[in-house]
Amino acid sequence: MAYVATRGGERAIEQSERLFREAMGGFDKARVTEIKQSLPYLIDRVMGEASLYDEDLAAIALAQTGGELYEAVLLLRAWRTTQPRLQVAAPVEQEQLFTHRRISAAFKDIPGGQVLGPTLDYAHRILATEVLQGADYKPAPVDPAEAPSPAYQPSVSTWQAENDLLDLPDPDGTEGNDIPDLTREPLLFPSKRAHTLQSLARAETGGVLALGYAAMRGYGQAHPTVNELRLAEAEIEVTHPDGRSFSAGRVKVSQAEVVDKKGEKLGIGYAATFGWNEVKCIAAATLDLNSPGADKGAPTEEEFFLYHTEGVESSGFCIHFKLPHYVTFQSSLDAMRDAKAKKAAANIAKEPAE
Amino acid sequence: MTDALSTLARADAARLKSFAETLVPEFAEIEVLQSRSGLVMLPIRDTAKGVAFHLGEVLMSEAHIRSGDAQGYGMRKGHDLEASMAMALVDLALTQGIAAERCQAFCENEAAALSQRDIETLRRVEATRVDMETF
């Protein structure tokens with residue numbers, strides 16, 4: 001491998017960035033607010049993949065990159081490194097989630113009942129083209145119920161454990177800085193479970209879906225049934241310098257439990273992420289469900305899916321191929337030409353003398 | 001968890017700042033130990049194996065102040081150093097018993113407003129409850 005220094009592209013490089021940014025023009029706080037309010041699910045996806053929760057920063061990243069998602073996530077991952085870590089919050093427990101949506105495809109009568117919450121699952125997919133003719137798009141308002149829904153519910157798996165369908169997990173007392181953290185330690189295999197789930201939480205949605213879908217279609221060993229899907233808000237429980245704990249606010253989270261029905265008890269997989277992103281959680285939980293015992297090189301094997309769903313690394317590796325590879329490519333061409341010449345020479349040598 | 005602190009952390013930012021300003025003349029000298037933004041890592045417990053793992057970091061604003069032996073602390077979501085400082089001032093006042101009645105009334109009013117907002121949210125969520133019948 002050899003490197004050569006080149007020059008001559010400075011002006012082109014500067015103008016190319018200007019050309020990119022010119023298409024969006026400048027932006028101000030009003031555009032950031034508009035993006036934040038009108039595209040909450042895109043904001044959620046970006047915050048989840050950046051593993052940095054702040055709607056304003058995510059909206060700025062989208063405005064600044066014109067919605068180029070990989071660039072937006074990279075901007076946020078880079079920005080987070082400029083900030084000090086103030087604390088590690090207390091682990092969020094299921095029964096403390098302020099729940100907006102909780103459904104189960106496995107059991108009709110889960111304790112607490114099924115609450116659909118906000119969803120387009122049952123919507124007619126009709127594009128509102130009338131807006132282009134000048135009409136406003138006005139969705140019908142919700143008719144609130146008289147009584148509020150219970151905010152807090154245990155996970156469906158807790159109820160199943162009480163009914164001997166699942167084994168309750170052993171309590172894990174790890175907290176604070178003792179919880180393994182991928183932003184400070186390398187991902188090594190076999191992966192610690194805390195690393196696996198953290199990596200899936202910040203994984204690229206499309207990548208997780210592709211590999212999760214491969215498992216669902218039959219390239220995995222287990223067929224998922226959604227045991228519980230939940231969209232909720234989690235409290236950020238921090239500590240006052242005098243030792244008192246309090247909630248410093250809430251963030252949106254989504255989580256999924258998926259189960260399969262082999263053997264005497266249910267197998268279970270789990271995933272969660274920042275923001276409301278159901279597809280990612282169901283696909284990631286399916287990968288978690290399928291990973292024990294998966295063959296090396298299978299999409300459901302943890303090394304395969306964790307390496308290939310890390311969006312910043314995978315997109316960065318992909319786009320690096322467009323950067324100049326003149327030396328390596330010329331070297332390969334030289335080898336090809338040399339092989340061709342040798343083959344031609346050998347053919348001449350084989351020809352009988354006249 | 002401490003209710004007053006949890007309330008102050010989620011209280012309306014504009015009202016919190018206005019209220020904290022009225023407290024400033026009541027304090028003796030205040031030393032600012034910290035006023036900054038930063039990240040709080042948020043772990044969650046996996047229900048399959050019970051393991052705590054990190055979801056990611058949340059942008060927060062933090063203020064830590066001292067007056068004599070008493071300390072005040074504020075931590076709120078997002079980048080708003082004035083709001084976290086306002087929270088720290090109200091916390092300090094509560095600790096020192098300064099303007100105690102007004103501080104308690106402020107916290108109670110904000111707690112009621114937050115609770116009402118939650119109830120409104122949950123009434124809308126309840127409207128989506130499935131009353132399922134099978135045939």
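**View 1. The centres of domain 1 and domain 2 of chain A, taken over C-alpha atoms, are 27 Å apart.** Domain 1 of chain A covers 10-80 and domain 2 covers 94-119 + 149-315, with bounds from an automatic or database domain assignment. This is a predicted model, in which local features need pLDDT of at least 70 and side-chain atom pairs count only at pLDDT 80 or more, while totals for chains, interfaces and linings use all residues. Residues are numbered from 1 along each chain as its sequence is written, and chains are lettered from A and ligands numbered from 1 in the order in which they are written.

**View 2. Contact between the two domains of chain A.** Here 12 residues of domain 1 meet 15 residues of domain 2; a contact requires C-beta atoms, placed from the backbone, within 7 Å. On the domain 1 side, α3 (40-50) and α5 (69-80) of chain A each supply at least two residues. The most come from α3(A), with six residues. Helices (H or I, at least four residues) and strands (E, at least two) are DSSP runs, numbered from the N terminus. This side of domain 1 has six nonpolar, two polar and four charged residues. Ala, Val, Leu, Ile, Met, Phe, Trp, Tyr, Cys and Pro count as nonpolar, Asp, Glu, Lys and Arg as charged, and the others, Gly among them, as polar.

**View 3. Contact between chains A and B.** Chain B contributes 51 residues and chain A 71 residues. In chain B, the elements that each supply at least two residues are α1 (3-10), β1 (31-45), β2 (52-67), β3 (70-77) and α4 (100-126). β2(B) gives the most, 11 residues.

**View 4. Strand β1 (residues 52-53) of chain A beside β2(B).** The two strands run parallel and are joined by two bridges; pairing requires at least two bridges found by DSSP. A:Leu52 has B:Glu57 as its bridge partner.
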